[in-house]
Amino acid sequence: MELITPTSPEKNYSNKKIVFLAGPIKGAPDWQARAIKDLADLDIYVANPRRENVQNFNLDLQVDWESKFLALADVIMFWIPPKVADVAGRDYAQTTRFELSEWSAKTHYNREYKKIVVGIDNAFFGKSYIVKRLVAENVAVYDSYAATLKAVRTLIKGSGRIFFTSDTHFGSTRAMTLSRRPFASAKEMDAAMILNWNNKVASDDVVYHLGDFGDLNIRPYLHGKIHLILGNYETDAIRENSALSAELEQCFASVLPHDTLTLKDNEPVYLIHKPSECKRDMFNLFGHIHGLRKVSTNGLNVGVDANHFAPLSEDDVLFFKNAILNHYDYEVFL
């Protein structure tokens, strides 16, 4: 286990899973120290927002650090222990309540992977209301620290699932403007797509990105083992600068012009960037056209513009594959 704190130096944290310790600090016992000790046997990072030295505290830097690692985290552990001290002018766990609401809402529509684990001691005043709201968001709540920690350790083990996406164009104001993406800036767009990605994908999952990735500096902020199918932007860039090939090979698990993958229905799918290069005798996953079309008679657009700016899971792909091949009629493809 390696500890990350608000004063830790910057580095690439994509090589291990991250557990973020979210929960009250002011007026609370140092439960974070206990959690760090209890997770010490795992090969992970633990992000602890509690500062030992509160001198020269900078709220903006603290909030920025917490926002970054909440988004990067594979698991967010919320534990609310009983209060041990009153803090003048402050309700106990007031920030934690806000963060719980924020992150339960962010994971509400993710059926396959929720990265928050919530535990609330029975002695915490106001627990019943919070539990009622969280249950409505399909979030389980544990009554003890031990049960909460066990759930964290279970979630850390992960699943090794497969996801698909395309045409993120990270960092591109042009792509944002031409595709009319609902963001005020490329920075806001990147932050939203990173969050959407990490709310679905765990570090031990696999993602096939079907081209036009964009700013490679975003790669360390994304969960999963990423395989890149070359898009027209990467192909054109390599033609102008052959050294980019080596840089792409360093960023991604593999870099290919196309690929064929057998899904868990035991049937192959063809992975390609442009729909014009799809195979007629196979089901295809493609990108390139952004949100202009979701489906074809033998393929599915996995680009972010057609899929709520998030990757599609293998189960999502199989759902649409079945619908396209067996249920959609000619009206869909006119």
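**Entry 1: Asp-167.** I began with Asp-167, which sits in the loop between β7 (162-165) and α6 (173-178); helices (H or I, at least four residues) and strands (E, at least two) are DSSP runs, numbered from the N terminus. I note that this is a predicted model, in which local features need pLDDT of at least 70 and side-chain atom pairs count only at pLDDT 80 or more, while totals for chains, interfaces and linings use all residues. Residues are numbered from 1 along each chain as its sequence is written, and side-chain values use heavy atoms, with hydrogens and water left out. I looked up phi of Asp-167 and found a value near 55°, positive in a residue other than glycine. Is Asp-167 buried or exposed? Its relative accessibility is 0%, so Asp-167 counts as buried (under 20% relative accessible area is buried, over 50% exposed, and in between partly exposed, with a 1.4 Å probe and protein chains only).

**Entry 2: Asn-266.** I then turned to Asn-266, in the loop between β11 and β12 (268-271). Asn-266 is not a glycine, yet its phi is positive, at about 70°. I recorded a relative accessible area of 66% for Asn-266, which makes this residue exposed.

**Entry 3: the sheet.** I traced an open sheet of five strands in the order β11-β12-β13-β15-β14, with mixed pairing; two strands pair if DSSP finds at least two bridges between them. Its edge strands are β11 (259-262) and β14 (295-296), each of which pairs on one side only. I looked up how β14 is held to β15 (residues 299-301): two bridges join these strands, which run antiparallel. Within β15, Leu-300 is the bridge partner of Val-295.

**Entry 4: the whole chain.** I counted 11 helices and 16 strands. The radius of gyration is 22 Å, close to the 20 Å that the globule rule gives for 334 residues, so the chain is as compact as a globular protein of that length (the radius is taken over C-alpha atoms, and the rule is 2.2 Å times the number of residues to the power 0.38). Along its principal axes, the C-alpha trace spans about 65 × 45 × 40 Å. I noted that 51% of the 334 residues count as buried. For contacts (heavy atoms within 4.5 Å) between residues at least 6 apart in sequence, 64% join residues at least 24 apart.
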